[in-house]
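My entries follow in the order I made them.

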Amino acid sequence: MAWRMRHRSRTICLSLVFITIFLHLLLAFVSLSIPRLPCDSPLPPGTRAFRDLARFNHTSESINSLAEPPPGVLEGDARGHRETVVDKELPARGGTTVGMRRHGANQTERLESDLLKLKALFDHPLYNMPKPSIPEDDWLLKVKPKGKQSERSSLMWVSASQGGYDDVQWNSSSESHPPWLRFHLGITRWELYPHLDPNMELLTQQIATQRIVSAVQKSGGTQLKLVMSFPNYGQALFKPMKQERDEETNYNLYYFSDFERHNAEIAAFHLDRILGYRRVPPAVGRLVDVVKEIKDITTDRKLAKTFFSSPVGNVCFYGLCSYYCSTEHAVCGRPLNLEASLAVMLPDLSLAPRRSWRSPWRRSYSRSKLAKWETEPDYCSTIKKTAPYNKGTRLVDFIDLVILDFLMSNMDRHHYETFEKFGNNTFLLHLDNGRAFGRHSKDEPSILTPLRQCCRIRRSTWLRLRLLSLPQYHISDVMRASLSTDPLHKVAPLLAEPHLAALSRRLKTVLDTVSRCQEQQKEDGREKVIYDDLDSLRNSTFFAGL
């Protein structure tokens, strides 16, 4: 009996051993047949960078902490109008990712290359043409010291320190002048500031960082604008952020119903300088504390009454204006900081009066009525016989403005201004560009109508446009580089990549339009398309590199 029990126990143990071995072998076989997967689930594919940036908290601390642009930014090929997304990879040690590091390195290399292109462009002879000395009457303002001729060093301004302003003592020496005053005193008959003006960097830096001592609403206009004052008595025009960088204008909106964009004002200044015009006042981006730098210091009671706190705790205000000044269209901080453009104010009208001119190609601003130029193909022949377009450079000056507007898709150019002192023989001020860069996916051919109808362009403009179409000076690349110098670039690029690609596309359209004009000139024997403003330099060494 005992023997039988031992035999049964041994049989059970051997059975259990064989079953255990069989299960282990079965599990090993099953595990080897299954493909290996990473322990961590992969991150979602790269999303549109502009949506990521829209959720970014725009605070002063976030700006200072960003040594590189945010990850996941779209890498757009401006020439081929393509977009590729850099895929995010698995987290590495320290909270960063391999993909982010690679993307940041690629972006840095690309930006360095673009900055070299921008420097090469501004070093090109076309941007450094020899100029004769400026006659005394071609300066907009003059320093007029008090007292006798022998007392030229006497004080021009003396003010007590009050309301946050500095106690200043400026004399006739330009070294004592603040940057904004140097800018005003540097305006001439043909440009707002000279090429590579060393004062520009100091001027924009001060506007972006200097303490704001006063903020009041600017009267007139259809949308909210403020005038900001600084301790050194400088002033700048403030336009707040109203929509995200990647938002396109609604296709169902008429051009006169569009928002003004703060980044468009900044981009217009940079594009105007790249085109060699220098007719847009310097503009720079800044993060403004809507409480400390507007609400707490404003003396504008009407403006102060429009401040409120939103349901999510953001401080908002809307001001008083013809359109878009209501709680539904308020501008809000996040929760306090608000992006804005600050453009240097031009000299006061009492010192330098300006004349406003109605654009001959002004739109009807009607939902159904067309303007005269839209129905008459030969409309320009009448304009060429009408003052001030019948002589001098006024027509080609206007065409310069048309090209700028077409490149940045600005349909809202109903008037332009000039300084009264210079009469009809002067440049046009390229002001109020807030409705530019609204759409990148569609070009507006009607903006270019004056060029197509008149077939007239100055030679220096035509040569610079051709230069900007070359790979080594490509307009999209140099624009990207120029905008990267603005303080708000650390928050997000001022222009989304599709807008930069649109610049290349539109530049080609401008050059093709001029080429068609030249072909028509040969066929029909019309007047010359190119207005030769470089004729006096034709036989000089300047043209050797062109």
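**Ala 343 and the annotated positions**

I looked up Ala 343 and found 17% relative accessibility, so Ala 343 counts as buried (under 20% relative accessible area; exposed is over 50%, partly exposed in between; 1.4 Å probe, protein chains only). The model is predicted: local features need pLDDT of at least 70, side-chain atom pairs count only at pLDDT 80 or more, and totals for chains, interfaces and linings use all residues. Residues are numbered from 1 along each chain as its sequence is written, and side-chain values use heavy atoms, with hydrogens and water left out.

Ala 343 sits in strand β12 (residues 337–344). Strands (E, at least two residues) and helices (H or I, at least four) are DSSP runs, numbered from the N terminus. I set aside residues up to four places away in sequence and listed what Ala 343 touches: Gln 235, Ala 236, Leu 237, Pro 282 and Ala 283. Contact here is heavy atoms within 4.5 Å.

I checked the UniProt record, an unreviewed entry. Its "binding site" annotation includes Gln 223, Ala 343 and Asp 432. Such annotations may be inferred rather than shown by experiment; positions are in the numbering used here, and feature names are shortened.

Gln 223 came next. I placed Gln 223 in the loop between β5 (214–217) and β6 (226–229). Its relative accessibility is 1%, so Gln 223 counts as buried. Beyond four places in sequence, Gln 223 contacts residues including Lys 242, Glu 260, Tyr 323 and Arg 435.

**Second largest pocket**

I noted about 1,100 Å³ of space in the second largest pocket. A pocket is an open set of points on a 1 Å grid over the protein atoms alone, where a 1.4 Å probe fits, with protein on both sides within 12 Å along at least five of seven lines; lining residues have an atom within 4 Å of a point. Points are joined across faces, edges and corners, and the volume is the space filled by probe spheres set on them.

I counted 39 lining residues, with Met 129, Lys 131, Trp 190, Glu 191 and Arg 278 nearest the centre. Helices α5 (179–185) and α13 (459–468) each give two or more residues to this lining.

I found nine of the ten α13 residues buried, among them Trp 462 and Leu 468.

The largest nonpolar core has 70 residues, and Ile 457 and Leu 468 are among those with the most contacts inside it. Such a core joins buried Ala, Val, Leu, Ile, Met, Phe, Trp, Tyr and Cys through side-chain atoms within 4.5 Å. α11 (394–407) gives the largest share, nine residues.
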